[in-house]
Amino acid sequence: MKIICIGRNYAKHAEELNNPIPQEPVVFLKPDTAILLKKHPFFIPEHSNEVHHEIEVVVKINRLGKHIEPRFAHKYYDEIGLGIDFTARDVQAKCKEKGLPWEKAKAFDGSAAVSRFFKLSDLNKPITDIDFHLDINGNTVQKGNTRNMLFPVDELIAHVSKYFTLKTGDLIFTGTPAGVGKVEREDLLELYLEGERIFYFNVK
Ligand code: ZN
């Protein structure tokens, strides 16, 4: 199983980090060891003093595919969840400065927190109109809707499947809306999908 992540997929988030609006999806990977184990807190890694939260809609791939056309992409998933793409922003800034890869900032153990998954047919909403938000200690810090993606899910699947064969169980983190910020020890993170809290955990 692999985790494919999309960077800068919401214009306001790209702007808040002073990144340009991308002309094609920004893609990076996390290994399966990045998954935060269920019922575990997120531990801030020793190598960072500035870990940011990025709430994202996560799409679970349900069949094998490569070179998928956008119009067929919807056949490759039927469940979504929410996740946090934890990012060591201080480490990432150094990598970017030196033109180095991002993995030490993005792919460390526990850096991919993922909720349980929900059938889109049960949510009764199209993938292009999903509301989600993140509360920290009871305050909403990030709020998004998938309609504001620069590259919608079906286009992301078409794009990434040109490079990587998609397999059943692969996860796609589809990018974060504006409002990213630092997490602190003892923070409580609560993730809401369509107004319902579906996942929560603490930072240690
Ligand atoms: Zn992200």
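1. Along the chain, the donors of the zinc ion are spaced as E-x1-E-x28-D. They are E54 (OE), E56 (OE) and D85 (OD), which coordinate the zinc ion at 1.9 to 2.1 Å. Donors here are N, O and S atoms within 2.8 Å of the metal (3.2 Å for Na, K and Ca), and sites may look incomplete because water is not among the atoms.

2. A word on the basis: this is a predicted model, in which local features need pLDDT of at least 70 and side-chain atom pairs count only at pLDDT 80 or more, while totals for chains, interfaces and linings use all residues. Residues are numbered from 1 along each chain as its sequence is written, and side-chain values use heavy atoms, with hydrogens and water left out.

3. Both E54 and E56 are buried (under 20% relative accessible area; exposed is over 50% and partly exposed in between, with a 1.4 Å probe and protein chains only). D85 counts as buried because its relative accessible area is 0%.

4. D85 belongs to strand β5 (residues 77-85); strands (E, at least two residues) and helices (H or I, at least four) are DSSP runs, numbered from the N terminus. Leaving aside neighbours within four places in sequence, D85 has contacts (heavy atoms within 4.5 Å) that include F28, H52, H53, S111 and F173. The side chains of D85 and K106 are also joined by a polar contact of 2.8 Å (a pair of N or O atoms within 3.5 Å; within protein, one must be able to donate a hydrogen and the other to accept it, and residues adjacent in sequence count only if both atoms are side-chain atoms).

5. The largest cavity has a volume of about 110 Å³, and E54 and K106 are among the residues closest to its centre, along with G7, R8 and H13. Helix α2 (89-98) gives the largest share of the lining, three residues. A cavity is a set of points on a 1 Å grid over the protein atoms alone where a 1.4 Å probe fits but cannot get out, and lining residues have an atom within 4 Å of a point; points are joined across faces, edges and corners, and the volume is the space filled by probe spheres set on them.

6. For contrast, K104 in helix α3 (residues 103-106) is exposed, with a relative accessible area of 65%. Beyond residues up to four places away in sequence, K104 touches H47 and V91.

Note on methods:
On a 1 Å grid over the protein atoms alone, a cavity is a set of points where a 1.4 Å probe fits but cannot get out, and a pocket is an open set with protein on both sides within 12 Å along at least five of seven lines; lining residues have an atom within 4 Å of a point.
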